[in-house]
There are 2 protein chains.
Amino acid sequence: MAGSRPKSGPTMHDVAAAAGVSQATVSLVLNSASGSRFSEDTRKRVRDAVIRLGYRTNAHAKVLREGVAGMIGFIGDSVATSPFAGAIIEGAQQRAWEDGLLLLTVNTGGDKELEAASLDAMLSYKVAGVVYAAMYHRRLEVPAALEGVRSVVLNSQDRAGRLPSVAPDEVKGGYTATRRLLDAGHSRIGFINIETLESGLPAAVGRHEGYLAALQEAGLESDPDLVRFGGGGEEDGYRYAMELLTSATPPTAIFCGNDRGAWGAYQAVSDLRLSIPGDVSIVGFDNQAILAPHLRPGLTTLDLPFVAMGRRAVELILQEAEPEGRVELMDCPLVERKSVTHPKEMP
Amino acid sequence: MAGSRPKSGPTMHDVAAAAGVSQATVSLVLNSASGSRFSEDTRKRVRDAVIRLGYRTNAHAKVLREGVAGMIGFIGDSVATSPFAGAIIEGAQQRAWEDGLLLLTVNTGGDKELEAASLDAMLSYKVAGVVYAAMYHRRLEVPAALEGVRSVVLNSQDRAGRLPSVAPDEVKGGYTATRRLLDAGHSRIGFINIETLESGLPAAVGRHEGYLAALQEAGLESDPDLVRFGGGGEEDGYRYAMELLTSATPPTAIFCGNDRGAWGAYQAVSDLRLSIPGDVSIVGFDNQAILAPHLRPGLTTLDLPFVAMGRRAVELILQEAEPEGRVELMDCPLVERKSVTHPKEMP
DNA sequence: TAGACCCAGTTATACGAATAACTCGCTCAT
DNA sequence: ATGAGCGAGTTATTCGTATAACTGGGTCTA
């Protein structure tokens, strides 16, 4: 059978034959930045032949010679396909493409076997590096094979501290959110957070820390009664907002540790026939695209800079120096909308 | 300089040397399904050496010999990173991996230049095929280079009709939604759709067609006053639901062409001090993960089968036979929640 | 006028794996 | 005793590209 190998486009040899030169000449003409090694005539003949035949360089042959592929591996648990963090892969890909690299992506969905196997395949493809991204900001165990290649942990941190990591600056975010409310004149500020103790999630712990820091800086006592911990769903947001707002001394503002919780809080406020921001100011966290801008009123919240984080992770991979084990924290900018104002005057 | 080429793992030659055999033997031992060509002793020595050295086959060398890579290209405008359709890439990747293939992904963000360049790069990598996915179901122009490789249009249709396409069955979806309301006993059913005339979007046109078909089948006159066309945002949902419900002869149920519109309708219903489904039944479309299950009451809606579509697209690529230009429509299953009941008895 | 040097190319080889074709030593049937 | 056949390997070649090292002629200089 002649057709056992699939049809594969023309090669450099074909181009060389068509242009009446040697294969080496073709290669040199196409690649040499140092322009004028060949006569203008030869160069033109080569370029013409390239176009005429529709020649495209075989990346595998090139990689085989050069050792590294123009690809970066991206392994995510489910981040890349999740509704709120899809942008993370967008940033990574943008940055990679700026250097002409493509992304080889896998969502493992948490499957460790798939993770190992696909990482293996990526290494077989001699990727220039691997981004290991996670859904939630946490400290995680990285697969051992990652140490054999330039790699970066994204939206999480390497528990062992060996790989460089890129993650949101939760503490500063929590501080910024609280500070926004303090600046508006609030002094009783509720906080509906994700549970911190068991989870130990940097997201929850950090935001809480930032909240406390801002209060302290403002010289305010922090009242534990104003802080609630839950699962992060809107039911919890609803329930805790309800509790806070119906207590003896309700807060005039609530910082919700995530936008879904804020959504729940909106519903509670609505059910209490109160209004946002007139009666209660609210700040969220996450800046979820489908939610935050569409709530009424628009939710003032903190943006998780997924695009920037993705970019930064790839940048670290492309960098010459190896930033062993550093954790890079990225700013979460405040996105101002309509859910915050000064507290109501006491009657 | 010795270190000009990056460190690259051990090769078959290294393994062969370590095991005291030839490179060919290593290759044959590792690949031959026809087991016992070599003595058990030799096979063991090879396998031991492989493990000891941490040998991993160089995919590029393999591809160079074999002609096709174990990769499939995935080009999306922004689907892959969009909050509602990220799952599309998940399905594609799952299916690909079942055959041991990885996905080489690019979001072009609509940039035609990036699209062409990255497609070019993919072809350089000898991908086994390319999935060309779009954000919205529409008829689109595909890049010419796609014709040189096995490819499938996903969540859209090739306007030229040359490439096989996979898309949701909008007509059937619109029919199912309307039918659900008819079956519950409604006969005045509003429809808030995305504008169809200018856009010509299959999503909008098809759902409308399905709506009309269901009414006709039920022997009902379709009342144009019950149908509104808008942009698909929740403001439109709000406005049109308001209009419909405050009209002289309001509908008892509304089919919203998308979940965001349904969200707006929920707000209108709430502002009118009516309740869902008691006073108005609502069916959405899209089954947006962040929205539909979290609305109160949960929104009965139609699922856009992104995972299944992604899977199917890759499957078509892997298939032997080339299904020239066929458009494959996928079912949108009804997801039953709490927003539909029978119409209120007239007082 | 020999040597140095440049110009415009070419030849040869390596990258790592797969595989067709071969070798070498034995056994066994005729 | 002859050669067919098999078992257990090896040798040689191929995929497409990049590049070091070479060639063969011309020009310029001392």
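Reader: Which of the 24 residues around DNA strand C come nearest?

Author: Happy to take you there, and please keep in mind that this is a predicted model. Of the 24 residues around DNA strand C, those that come nearest are Ser22(A) and Ala24(A), together with Met12(B), Ala24(B) and Ala61(B). Two helices of chain A, H2 (23-31) and H4 (59-66), each give two or more residues to this surface, and so do helix H2 (23-31) and helix H4 (59-66) of chain B. The biggest share is that of H2(B), which gives six residues to the surface near DNA strand C. Sorted by class, this surface holds 11 polar, 10 nonpolar and three charged residues.

Now let us step back to the chain behind part of that surface. Chain A contains 14 strands and 11 helices. Its C-alpha trace spans about 95 × 40 × 40 Å along the principal axes. The radius of gyration of chain A is 27 Å, whereas a compact globule of 347 residues would have one near 20 Å. Even so, 48% of the 347 residues of chain A count as buried. Among the contacts in chain A with a separation of 6 or more, 71% are between residues 24 or more positions apart.

Take Ala265(B): beyond its neighbours within four places in sequence, Ala265(B) is in contact with residues including Ile192(B), Tyr238(B), Cys256(B) and Ile282(B).

Note on methods:
Residues are numbered from 1 along each chain as its sequence is written. Chains are lettered from A and ligands numbered from 1 in the order in which they are written. This is a predicted model: local features need pLDDT of at least 70, side-chain atom pairs count only at pLDDT 80 or more; totals for chains, interfaces and linings use all residues. Helices (H or I, at least four residues) and strands (E, at least two) are DSSP runs, numbered from the N terminus. The radius of gyration is taken over C-alpha atoms; the globule rule is 2.2 Å times the number of residues to the power 0.38. A residue is buried if 20 or more other C-beta atoms lie within 10 Å of its own, exposed if 12 or fewer, and partly exposed in between; C-beta atoms are placed from the backbone. Two residues are in contact if their C-beta atoms, placed from the backbone, lie within 7 Å. A residue is near a molecule or strand if its C-beta atom, placed from the backbone, lies within 6 Å of it. Ala, Val, Leu, Ile, Met, Phe, Trp, Tyr, Cys and Pro count as nonpolar, Asp, Glu, Lys and Arg as charged, and the others, Gly among them, as polar.
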